[in-house]
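Student: Can we go through this one together? I'd like to start with how one part packs against the others.
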Amino acid sequence: MNGTYWLMNTRLETGYKRENGRIVGTNTELYHLLIEDGKIAKIVNGTEPIATDMSVKDAQGLLLIPSFIEKHVHLDKTYMAGEWRACIPASGVIERCDIEKNILASIPSTTQQRAEALLEEILTFGSTHVRTHVDIYPEVKLQNLEGVQQALETYSNRLSSEIVAFAQHGLLRSGTVELIREAVRNGAGIVGAVDPATVDLNIEASLVQLMDLAVEGNADIDLHLHDPGHLGTFTMKRLAYLTKQAGWEGRVAVSHAFGLGDVSKEEAIEMAEILKESGISIVTSLPIGRNIPPVSLLADYGVEVAVGNDNIYDSWWPTGNGDVLERAGRLLERFRWTDELSLSQALKYITGGIIPLDKEGSQVWPKAGDTANMILIDASCSAEAIARRSKRKTVFYKGNVVSGSLN
């Protein structure tokens, strides 16, 4: 569907319904959108006539929302496209890594095949951007990176992507630093490590090495940090210091950050201020059974927060289907967000902050000039979409239908 066309009868959110000063619902109206060169070129009211000398597609009154961003996934680890496998019990992270390494080396499907199978699922559920972590370690060198890059190239006209060269087995392990450096030279734009205290056994050396790799390669950082309580928050404080020292504000993320959910509210506020000042974002996968970062508190203090799926059917976890909307739905369950405003605003955690309405109810998306990355979804409003995990009918990337269909 390259070129120019009208997307008619598209339902957009226009404001909140209020009764006695309370938000009780969301107003919507039908609009026609002119799609041109991958962007929304014009938006006109649904009562106005549109030109008939170009292609016209009918949205049939479906709600239009921004497409999703999958901020944390492991394309190289998944078992998708292969036979069913449950997880093998492990005594800890190191044994889990060894189990995974041996299984992935023995299964017949390639990294590219498995990654493409998972990308197809992710796309079906509405994500048109993917951040994937790719394991880099001496036994495989850059093989995982190459397989994932091939898969992403296959899907490059259907979604955008970024790759984290990830030291899953430890950054300070012999030979890993040079492999991460090589991965950055070969296309990985982000460097990542895991639990400097409990995996690398040296917080300062691990963080300094990670920052050195980032600065040397002009790469961003995404640190997996599972360590709890004050061990986790201390590590984040050291990372924040190094981030500011290097001038890397806005280029660093911490995934999981469980420690933020273990400390007092006062300590969480202190950490939020530190994270905001150093431009460090947080990515949570909302696991069940763990304390998670206080999402609303962080957001209120200006910290960027995103939701990602993390492990999807692999050696670490047997469940998951690639639906980041379903994962974000856990927010309302964990934090008891049941009102219209809280539900509708929760969409921002899976869209990179893009939402149809701001907190006051003013329409902020879409606007003429916006990239046409969007979803037609069977819901009356964003609040219903996230609460009910509504069905995605059509997914667009740069104006082209990349999943589903359109009349």
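Tutor: First, a definition: contact means heavy atoms within 4.5 Å. Also keep in mind that this is a predicted model.

Student: OK. What do the buried residues of helix 5 pack against?
Tutor: They pack against helix 4 (176–185), strand 9 (190–192), strand 10 (220–225) and helix 6 (229–246).

Student: Which residues of helix 5 are buried?
Tutor: The buried ones are Ile203, Ser206, Leu207, Leu210, Met211, Leu213 and Ala214. Seen down the axis of helix 5, they fall within an arc of 155 degrees, so they line one face of the helix.

Student: What caps the N-terminal end of helix 5?
Tutor: Asn202 does, with a side-chain oxygen 3.4 Å from the backbone nitrogen of Glu204. Just after helix 5, Asn218 takes a positive phi of about 50 degrees.

Student: New topic: rings. How many aromatic pairs are there?
Tutor: The count is four, taking ring centres within 6.5 Å as a pair. One of them is Tyr79 with Tyr313, which is edge-to-face, at 5.4 Å centre to centre and 90 degrees between the planes.

Student: Where do Tyr79 and Tyr313 lie?
Tutor: Tyr79 is in the loop between strand 6 (68–73) and helix 1 (93–106), and Tyr313 is in the loop between strand 13 (305–307) and helix 10 (324–335), so the pair ties together parts that are 234 residues apart in sequence.

Student: Is Tyr79 buried or exposed?
Tutor: Tyr79 is buried, at 3% relative accessible area. Tyr313 also counts as buried, at 10%.

Student: What lies over the face of Tyr79?
Tutor: Arg85, at 6.0 Å from the ring centre. Ring pairs also link Tyr79, Trp84 and Tyr313 into a cluster.

Terms used
Residues are numbered from 1 along each chain as its sequence is written. This is a predicted model: local features need pLDDT of at least 70, side-chain atom pairs count only at pLDDT 80 or more; totals for chains, interfaces and linings use all residues. Side-chain values use heavy atoms; hydrogens and water are left out. Buried means under 20% relative accessible area, exposed over 50%, partly exposed in between (1.4 Å probe, protein chains only). Helices (H or I, at least four residues) and strands (E, at least two) are DSSP runs, numbered from the N terminus. The arc is that of the directions from the helix axis to the C-beta atoms. A polar contact is a pair of N or O atoms within 3.5 Å; within protein, one must be able to donate a hydrogen and the other to accept it, and residues adjacent in sequence count only if both atoms are side-chain atoms. Rings of Phe, Tyr and Trp (its six-membered ring) pair if their centres lie within 6.5 Å; planes under 30 degrees apart count as stacked, over 60 as edge-to-face and the rest as tilted. A charge sits over a ring if NZ of Lys or CZ of Arg is within 6 Å of the ring centre and within 35 degrees of the ring normal.
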